Amino acid sequence: MGFSVRVAAIAVHLLLCSCLTAPAGEMTSSLLIGNGRIDIMIEGTSLDLPTKDILRWVKSAAESVTAYYGRFPVPQVSIRITPFQGRGVRNGMTFGDRGSRITIHVGNKTSSSDLTSDWMLTHEMVHLAFPSVDEKHHWIEEGIATYVEPIARIQAGNLKAEQMWFDLFRDMPQGLPQAGDRGLDHTHTWGRTYWGGALFCLLADVEIRRQTNNAKGLENALRGILDAGGDIRKEWNLEDALRIGDRAVGVSVLQPLYTKMKDKPVRVDLDSLWMQLGVRSDGASVHLDDSATLSSIRRAITAGEFGTARHSPPSKPFAVFAGQAVGSP
């Protein structure tokens, strides 16, 4: 079933929430996506944005994650939005204790277009779809969120593939090992945690697709982990999670790659990888070469399991806050 059909079947609904349950100065609503419920709490009333734009932002991020994983990752998540003086989105954090929770800050001068281009809320929602692991493996949690976020947005029609590959070409070198590196489990710099983890994901995605003739990818491995119960509310051993991921795709890639990269620096020839994938950049733009050796793998990474990018149909959010309707049913 195509994504647009599945989204229509999922039917995104906004629920009526009682204002009696919200503290003074806080507005609440709930969003249903399939079997997942998102409870949204907005602190205060200082945001210049219409509430319907906040809801559309949350809905867009949730649809992106649903596109990649085939369903919303957890039955329920609470999102607390805290305003700050300024513009933009910052300080996103996701927790799995005491239920799934996300906290995120939105500037009081943030525009609707700022939210449309935001990546952070999708990044935080991706965290919901992987089990909590030991602190030394934090790189896998951040690496998955960094790598999957733009792919999920592309599959939901919220980002262009060219933008993703341009960003990866520019930023992935930050994940390469530097002097004194001791492997992903023992080098906790910002670059190795976020982009080193993302590099692990890219290498795994390409290798899974090589070994399965492009029939499976990292997406299928991560879905397998999630379907086995591995979401953020659970504490798992990382090697157990990787074993389940390998089983889901039918080839052994995640475990051997982890063994290779966990305790020592591994040299990755990014220039050669980009050439094979058909990603060319002059620093200002990107050109995608469909005649490159691995161009079919590059296209499959962003197309997802159905072979073409998936787009969700537009819908109008509806909510009631303290008895006041926002949007239209």
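Author: The buried residues of helix α8 are Leu218, Glu219, Asn220, Ala221, Leu222, Arg223, Gly224, Ile225 and Leu226, where buried means under 20% relative accessible area (1.4 Å probe, protein chains only). Helices here are DSSP runs (H or I, at least four residues), numbered from the N terminus. This is a predicted model, in which local features need pLDDT of at least 70 and side-chain atom pairs count only at pLDDT 80 or more, while totals for chains, interfaces and linings use all residues. Residues are numbered from 1 along each chain as its sequence is written, and side-chain values use heavy atoms, with hydrogens and water left out.

Nine of the 10 residues of α8 (residues 218–227) are buried, so this helix is largely enclosed by the rest of the structure. The cover over its buried residues includes α2, α5 (138–155), α7 (190–211), α9 (238–249) and α10 (254–261). Just after α8, Gly229 has a positive phi of about 100°.

One of the covering helices, α2, also meets α4: the axes of α2 (residues 51–69) and α4 (residues 120–127) come within 9 Å and cross at roughly 45°.

Ser64 lies in α2 and is buried, with a relative accessible area of 1%. Leaving aside residues up to four places away in sequence, Ser64 touches Thr122, Ala152, Arg153, Ala156 and Asn158; contact means heavy atoms within 4.5 Å.

How values were computed:
Axes fitted to C-alpha atoms, helices over the stretch in contact; angles between N-to-C directions. Helix = DSSP H or I, 4+ residues; strand = E, 2+ residues; numbered from the N terminus. Buried < 20%, exposed > 50% of the residue type's maximum accessible area, 1.4 Å probe, protein only.
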